[in-house]
Amino acid sequence: MKISFDKISRLWLGQDDFRVRELNCGANFKAVCLDTMCDDAKVSAFVLQPLAYVENAQSLDEIERKLAAGTGVRKPPNFFAAVEDFTNGYTLIFDGEDNCISVDTRTVIGRSIAEPPTSMVMRGPREGFVEDVKVNVTLLRKRLKTPNFKIINLAVGKYTNTAIAVCYIEGIADKRVVDDAVQRIQNVKTDGVLDSSYLARYLDGNKTFLFRRIGSTEKPDIAVGKMLEGRLAIIVDGSPMVLTLPYLFVEDMQSPGDYYENSTMTTLSRFLRFVSVIASVLLPALYVCLQVYNYQIIPLRFLITVLNASEAIPFSPLTEMLLVLIVFDILREANLRMPSAVGISLSLVGAIVLGDAAVQAGLLGAPAVMIGALSGIGLFTMPDNTLILSLLRLAVTFVGGVMGLLGVIISSLAILVYLASMQDFKTPFLAPFSPDIPEDRQDALAQIPVPQMTQRPKSIPNENKSRRG
Amino acid sequence: MKNRVSIDQLALMYLLLVTGGKFLTLPSLLAGDVGHDSWLSVLFSFVWDGVCLCFLLWAIKINDKSKLDIAAILDKSLSKPVSKALMALFFVIFVLRINILLSGCYKMFSVTFDVSTNWLVYVLPIAALAFFAVSRGFNSIARASQIVFGLIVLAVIALFVSPLAEVDFGELLPIGEAGWGKILLNSYTRSFWFSDYIFMYFVLDGIKIKKHVFAPMLVSFGVGAALCILLNGVFVALFGYLAPDFDLAMSKIGVFSAASTANGRWDWLTLSVWLISVFVKVIVFIFCAYKCVEKIVGAHFVKFNWIAAGVVLLTLSLPMFVSTRTLLDTVIKWGVIPFTLVQYLLPLLMPLLTKTAQRKTEVKSE
Amino acid sequence: MSNLKRLGVVLLVVAVAAAVAVSFKGSDVMDRAIILGMGVDRAEEGITLTCEIVSPGNGTEQVGTFSKIVTVTGRTINIAIQNIAQVTGKEASLGQCVVLVLGQDYYENVDFSDLTDYFINHHSFKESAVVCCCEGKAESLFNKGNALAQSMSIAISTALLDQAEKIAVTNNSMLQYARSQNELSRTGFLNRVKFVPSQNTDGNLPDKELGYIAYRELCVFRDSNYVTTLDAELTAGMSLFLPEVYGETFVSYKDEVTRTVQVTNKDVKLNPDGKGGFDAQINLTVRYGRTDSEEVSGPVTAKNDKEISQKILDDVAEQARRIAENYLAAQVKYNFDLLKFHEAYRRKQGSSDALSQKPMSEFPVKLSVQVTES
């Protein structure tokens, strides 16, 4: 479609922030911009001031030469590109024959770089991504001073036209994976992408309804670390969460600070996370099915404690435990949505009034409340998956309560088979444990010291095996 | 593609299949037959299994080039009718094995774990799990086994280590008291519980071979066989003359780990972990039975076929009409001879059959 | 249509889940009378069964007062256990039962093979549970729980499993006993426990009965029929042949003063001599008993700095030989085989009727005892 000043002015007719300035620099030129998206100082410095004393320019090429002070001056190839530039805050300069050039006068609105609240670390960099794609790319490039750091710029969303940057390191990332990801992004047909999590849904080839299949991070150091292993980082404008792929289940067990701590401590804490997650999902189910079917397994003195505590409870063990878990989930959900000051009092109300009063009133047994709470705390060692694990916990508890150990075994196996069957971007979800890739176990649950990690993980497709360049 | 499996995964899965299911009712049956020499009976069964396994692995190695599936090999080397008859025989074996395994588990759950329910409701969730796994592909079953195998092996070891303090292996003396002929014959009559390698026939076309074929498979076979022989030895030594009365070996063998009054039956938790291997075995055999249906009708199911699954599911209702005792005393007792065909004769012929089939395929393509 | 399909699938899943949920039945632990221990006595109509049952308190009660005693009667053990449900209103559960006590009148006069069979074939009952006999009625023993200030069942099982395992001969499981009645000699033993009152020094509760459980006697059974009771000395004689049991004490007056010597280690060789008899070599390692190590022994116990004279060692050897010979004489007299002589020959020759019926008098034993200081 032909670029035309008339079309642009028709599209924004009646909009208060639509500004038109006629410039007489020999011939007649028109500069248009969106006031709300442009920085007045930049418009003045890069467009108006350089052109104020020009009197003999006859063409846009001459105008372009006069705008040497502007860093981003270009000729949009078509009308859509011109509109995209215009909506992003560029100033368009038209000549009388509907040719135009665009000058970068974007305003910088957004928060400054700060430590992300979701991934605080004791040690290590404290910079976090922000909502601006340009700043985010800068944060990556600051750490990757190599020409092999490549960015593929895309835009998604019929109305939002959100900028997407697919970043990878050429020579490390597998080109087929890059092409596959780009292809999937290009195939996205949607009105708008407001956050990277929208895009994650489209990128998930398995259409998983339970587990996350695309990683996300708020920290540039983590993103670069993952890119150095052969992964892609996908930055979505307007989102501080940068997507990384391919993604492994074991990444859920890893925390941002793991690489800045002693590897032995990291190994221990990863095992602790793993055990607590497994226990969180299985503990309530085991407690219920042991009470309903297999109380012989419970040590005698513990059984007596349970009997003492449960004698007056009006519910069956299954109902009691489901109640505890649901109340816990409600509390967690409410806590998330409350301002932090109210959140603290909500936790107190939840813990003391509900928990203690329920036990005192004989509605819930103390061991059930304790196991529910223990299981709940365990879930938070894997903060990204708390919700889904909580759902699984409820399901396994229900099945365990109904069918006993048989149910626990069947449901656990079903979850395992489901996890094992997932594979995307040529990467099995449970790698490096299943399929077993011994070389990759150096940084899975256990971690060897960083200097000894000489090879890139095999689980992630890559073009260069050695980490030594 | 979904049914591809590496030789390492196959080896681990085979280990689970060897140990899964052999500790339900088999040890007491063997103890009833040959007394304290039951471990010898198991040993002989495994020796013969080992020989057949080697031949089958040889066939797998030969087949690496052509990646023919079992139906193609049998069709080309023996003719289609014979191939279909053999598939039908396989189907019967798998169905019987699944039913015997499930009835053992049913007994375990109802008697030991106090879960009272009817057969149908018990079988349905297990079948649902198995068909879910089949629909996700053999690859996912293999991968899931890879995750749980370490845990299961530890559980098995924990189960027979705990009563070791109570066990006097002198009870197994004198060796061969029941008579060598009887022990050997018993190995044959109880062969239904062995030759777990038969599941490999149905993944022949999907086996990825890296370097070694024999080493990983034989190691896992050796470990599995050693665990089974040891566990039978521990069982008979522990229960002595009473062994034939303890028909759920695994649930009883760990009782002494919980001898102290303060502890509960923690051994039942390890027992539950071991039960995962029985379920893996059931899933694998259901996969094979499903594949048998596919081969018998001569189709290739690209997507999960509900009709084939329905046929397999129907056969799981067998114990509702025929008691396990009748199955053991009649069907399996008389079925041992035809079963020998696919359990012990076919593996020995497999290298030859595979080569013949390959030659015919090459001639055809030329 | 797609929505209808989805609704249909959801309804189907809910229906199947509901059907499965309804079809699985477990017994909630609260609906069970959890039996900790059982005592069996003879009654006119069959047996009297005394059970110690877990009785939950009000949630704040401490361990120690958590059980109650229930007594029922029945023609068989099965019926008696079923009758517990009538008394307690809950289904009886044997999964946590730690001890089974046979009353004197019962074990001396009744063939209780059906009782053994019942418990061995009962899947819930642990074969590792302690089985023993008691002096007098089992019911009255269970009612002495208050005098021990703890559960009688736990007290007996702790005594026989933990305290006594190294200092007295114990037959600590139902399985061991049941096996002994099915082996070639068909003889086995059970510990005989009794409540021994002790002096009450508690000024606050001067009338309260106090006491402890004694367990150093054995009852011998053949084919589940009572044969005899071995007193403490004969039991000590038997224990000399068992390498896993040590801690026996001997008292000697040879040094003009009374000296107590304790066995700290033992090496026993009891092997068939090939001529139908046995060679028995008992090597005892002893040291002076210490006041702070009463009933606690073993190689790691601290030494006493005084050396034991040869006279005392010889005296101990003589005493040991005498009690061992007394035991061997008793086993010939009553024809019981607790040291598994028949079993030793079975392992060499295989089982046969001739071996099974061979009396103990036809197993001559050549005994030698040596005592050294540790």
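Predicted model: local features only at pLDDT ≥ 70, side-chain atom pairs only at ≥ 80, totals over all residues.
Of the 22 residues of α1(C), what number is buried?

**Entry 1: a helix in the open**

I looked up helix α1 of chain C, which covers residues 2-23. The number of buried residues in α1(C) is 0, so the helix lies largely in the open. I then checked its length: the first and last C-alpha atoms are 31 Å apart, close to the 32 Å expected at 1.5 Å a residue.

**Entry 2: a buried threonine**

Next I picked a residue from a strand of chain C. Thr48(C) sits in β2, which runs over residues 46-54. Is Thr48(C) buried or exposed? I found 22 other C-beta atoms within 10 Å, so Thr48(C) is buried; the cut-off for that is 20 or more. I also asked who its contacts are, leaving aside neighbours within four places in sequence. They are Asp41(C), Ala43(C), Thr71(C), Thr73(C) and Glu139(C). I noted Arg75(C) as well: this residue is 27 residues away along the chain, and its C-alpha atom is 8.8 Å from that of Thr48(C).

**Entry 3: a sheet in chain C**

I traced an open sheet of 4 strands in chain C, in the order β10-β11-β12-β13, with mixed pairing. Its edge strands are β10 (249-252) and β13 (365-373), each of which pairs on one side only. On average, neighbouring strands here are turned by 30° against each other, direction ignored.

How many bridges join β11(C) to β12(C)? I noted 11 between β11 (residues 259-272) and β12 (residues 278-288), and the two strands run antiparallel. One pair I looked up is Asp267(C), whose bridge partner in β12(C) is Asn283(C). Strands of a sheet pair through backbone hydrogen bonds, either parallel or antiparallel.

Helix α10 of chain C (residues 310-334) lies across β10, β11, β12 and β13, and it runs at about 150° to β13(C).

**Entry 4: chain A as a whole**

I moved on to chain A, which has 15 helices and 12 strands. Its radius of gyration is 29 Å, well over the 23 Å that the globule rule gives for 469 residues, so chain A is more spread out than a compact globule. Taken along the principal axes, its C-alpha atoms fill a box of roughly 100 × 50 × 40 Å. Of its 469 residues, 43% count as buried. Of the contacts in chain A with a separation of 6 or more, 66% come from residues 24 or more positions apart.

**Entry 5: a hairpin and a helix pair in chain A**

I found a hairpin made by β1(A) and β2(A), with 1 residue between the strands. In this hairpin Gly26(A) takes a positive phi near 115°. The strands, residues 18-25 and 27-34, run antiparallel and are joined by 8 bridges. Across the pair, Val20(A) stands opposite Val32(A).

Then I turned to two helices of chain A, α14 (residues 386-403) and α15 (residues 405-421). They pack at an angle of about 145°, with axes 6 Å apart. Residues of α14(A) in this contact include Leu392(A), Val396(A) and Val399(A), while those of α15(A) include Leu406(A), Val408(A) and Ile415(A). By class, the residues of this contact are 9 nonpolar, 3 polar and no charged.

**Entry 6: chain B as a whole**

Chain B has 14 helices and 2 strands. A compact globule of 366 residues would have a radius of gyration near 21 Å, and chain B, at 20 Å, agrees with that. Along its principal axes, the C-alpha trace spans about 75 × 45 × 40 Å. I noted that 56% of the 366 residues count as buried.

I also checked helix α5 of chain B (residues 80-112). Its 33 residues should span 48 Å at 1.5 Å a residue, and the end C-alpha atoms are 47 Å apart, which agrees. After α5(B) comes Asp114(B), with a positive phi near 60°.

**Entry 7: where the chains meet**

Last, I looked at contacts with chain A. Chain B puts 33 residues in contact with 26 residues of chain A. Which element of chain B gives the most to this side? I found α7(B), with 7 residues. The chain B side divides into 19 nonpolar, 9 polar and 5 charged residues.

The contact between chains C and A takes 17 residues from chain C and 20 residues from chain A. On the chain C side I noted 9 nonpolar, 6 polar and 2 charged residues.

Terms used:
Residues numbered from 1 in each chain as written. Chains lettered and ligands numbered in written order. Rg over C-alpha atoms; globule rule 2.2 N^0.38 Å. Buried ≥ 20, exposed ≤ 12 C-beta atoms within 10 Å, placed from the backbone. Expected span 1.5 Å × (residues − 1). Contact = placed C-beta atoms within 7 Å. Nonpolar A, V, L, I, M, F, W, Y, C, P; charged D, E, K, R; others polar. Axes fitted to C-alpha atoms, helices over the stretch in contact; angles between N-to-C directions. Pairing = 2+ DSSP bridges.
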